[in-house]
Amino acid sequence: MAETGSPGSRPYWLSAPGLVFFATLLGVPLFTTLMLSFYSFDYATGGIQTDLTPANYLEIVQDSYFHRIFGRTFGVALLVTLICALIGAPEAYILARMRNPWKSLFLLVILGPLLISVIVRTLGWALLLGSKGAISEGLQMLGIISEPISLMFTITGMVIALVHVLVPFMVLSVWASLQKLDLQTEDAALTLGANRFTVLRRVVLPQIMPGILSGSLIVFALTASAFATPSIIGGRRLKVVATTAYDEYLSTLNWPLGAAIAVVLLVANVIAITSYNRMVERRYAKIFE
Amino acid sequence: MSFVRLENVTKRFDSFTAVDDLSISIEKGEFVSLLGPSGCGKTTTLQMIAGLQEPTAGRIHLDGEDITYKKPNQRGLGIVFQSYALFPHMTVEENVSFGLEMRRVDRGEREQRVRRSLEQVQLDSLAKRYPKDLSGGQRQRVALARALVIQPPVLLLDEPLSNLDAKLREDMQLELRVLQQQLGVTTILVTHDQAEALSMSDRIVVMNEGRAVQIDAPLTMYERPETAFVSNFVGKTNLLQGVVTAAEQDGATVRVGEQSLSGEGPGLSDGAAVTVSLRPEKLRLSAQAEDQSIPGQVSAGIFLGNHWLYQIDSALGTLLVSQANRGTPPFVRGDPVHIHWVREGVRLMPGEVPRG
């Protein structure tokens, strides 16, 4: 093996297949999308002009229509992330305290949403959320509401469906940091005079915070770029960035504008994630490895 | 009136009995070790005293008060866990301060007590560090400071030294004992390390299968074990199977194989099976035969600095014999030797030699 070069170059050779794979399947399409976003679209002829212009980006930056869509997307992403953290962290904690076979069983239940096709799962939610759906009927039967309500095409409905599928990521992430938690630290806090709630707040929560934060990162990124759930539950009325890009590509056929929207989403997502990550690392590097 | 009292404490997990009808009385200021092999129930006992486990039956009293079902955060006991259980997200200072915060001690006094407590364990210079930046020995000291700062009536130590290397462990044993005597805090140590129990305790409770086998001071435990289990577990020894040929007051003459020897021990009767314990250091080797000696041959020897440990093949079987290093040339493998002992060095206990 030594003939292929100095030992220093070996890692590169070993990772070459992976690098080639990513370069062709991710790098090239990304680059062509980036190029496409600087072209312009002629509505009269429906043709794409290969002139390099920032016009698409200026339109996104200036048009309040796009502001609303971006605002909605990141607003929903924040809300979903927050709810996932509030549900997922306690869920993981309780799960970690369970004994088998319940532990395995409930883990499967939690991971369930990931095992079902996104379209099937979302259509299932559509059935539940509609005005003739189980939720509306149920609430009427209980006398909580008098008129049928529909959660379809509402932010609430969209958030519910997104939380459902994204909570497993939060649970798994918190689960991982719970594995590192020394159970005796809870006993130690108890014997030092803390009550159950103080133990959770002062001892458990800070230790699983890295898990919550990294789970938030995953949930946020996936929500911000989610397509299927917003397009079925939110529809045309509640467009998010991903569905807007899709519409530009397939309805308006304005590929360059669609590409520009996609690029802005990607850049915004990358900025949000890296700055968040840096903040988290600065805070926790000195405490945890 | 004893300070800590366990009365017929039993703990069952499903069908498994971890602690079986255990009664112990501990005086104020006493250092008591619970010693036993893993699974003997010593840690469960400690957890019941701490309130982390509830006994299935029996009572636990602290300073005259029944604390059997009192919550752990109401007991105010100091505990050093085996893993130390330091809070990784808090500095050394914050770790030690935690118990005082829970007691709503005001800031000024808190800081003062934390500082004093860290000085006690010589860690005042590391107050701002996080646990992950500390060595094992330093973490151990933080755990100790955290347990002591709340001035607990009882200090519970759950195998606190088992994660330290041998040299550091010895240093800490001495340090811990000195500190414990200075503060006069009643201390209960759980350990499987007989050397640790012997070196630090006022009294040792040897436990096996959930029961207290013998409760005695270290020297008594070592010199006059009541059962073969204790003699085997506490210190090194040679256990031989024999039969009593002539029982006497507090002793007997016994036969081991073809060899007859006499020793001390209570409760023996003619014809009964007896376990003979010969401590390696109670045996002496010489090149020449004397009265009351048997011949043997050195089959192996290891040098341990202050003494040699030999393995000798003899009519009594293979015996371990330790000889102090007096600077004379050692025996080597194959040397013929003679093994001597005195009656006081032979301990007799009723029953068969335990297996394993």
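Predicted model: local features only at pLDDT ≥ 70, side-chain atom pairs only at ≥ 80, totals over all residues.
Biologist: Is B:Ser33 buried or exposed, then, and what is its relative accessible area?

Modeller: B:Ser33 has a relative accessible area of 0%, which means that, with the cut-off at under 20%, it is buried. Its place is in strand S3 of chain B, residues 31–35.

Biologist: Which residues is B:Ser33 in contact with, leaving aside its neighbours within four places in sequence?

Modeller: With those neighbours left aside, the contacts of B:Ser33 are B:Leu189, B:Ala197, B:Ser201, B:Arg203, B:Ile204 and B:Val205. With B:Ser201 there is also a side-chain to side-chain polar contact of 2.5 Å.

Biologist: How are two packed helices described?

Modeller: One gives the angle between their axes together with the distance between those axes. Here, in chain A, the axes of helix H2 (residues 55–62) and helix H12 (residues 255–284) come within 9 Å and cross at roughly 60 degrees, and the crossing of H2(A) and H12(A) is right-handed. On the H2(A) side the contact is made by A:Asn56, A:Tyr57, A:Glu59 and A:Ile60, while H12(A) brings A:Pro256, A:Leu257, A:Ala260, A:Ile261, A:Val263 and A:Val264. By class, these are eight nonpolar residues, one polar and one charged.

Biologist: What area is buried between chain B and chain A?

Modeller: About 2,100 Å² is buried between the two chains, with 63% of it given by carbon and sulfur atoms. The contact takes 26 residues from chain B and 22 from chain A, and B:Asn73, B:His89 and B:Lys132 supply 27% of the area that chain B buries against chain A, more than any other three residues.

How values were computed. Residues numbered from 1 in each chain as written. Chains lettered and ligands numbered in written order. Heavy atoms only, no water. Axes fitted to C-alpha atoms, helices over the stretch in contact; angles between N-to-C directions. Helix = DSSP H or I, 4+ residues; strand = E, 2+ residues; numbered from the N terminus. Left-handed = near helix turned anticlockwise from the far one by under 90°. Contact = heavy atoms within 4.5 Å. Nonpolar A, V, L, I, M, F, W, Y, C, P; charged D, E, K, R; others polar. Buried < 20%, exposed > 50% of the residue type's maximum accessible area, 1.4 Å probe, protein only. Polar contact = N/O pair within 3.5 Å; in protein donor to acceptor, adjacent residues only side chain to side chain. Buried area = accessible area lost by both parts, 1.4 Å probe.
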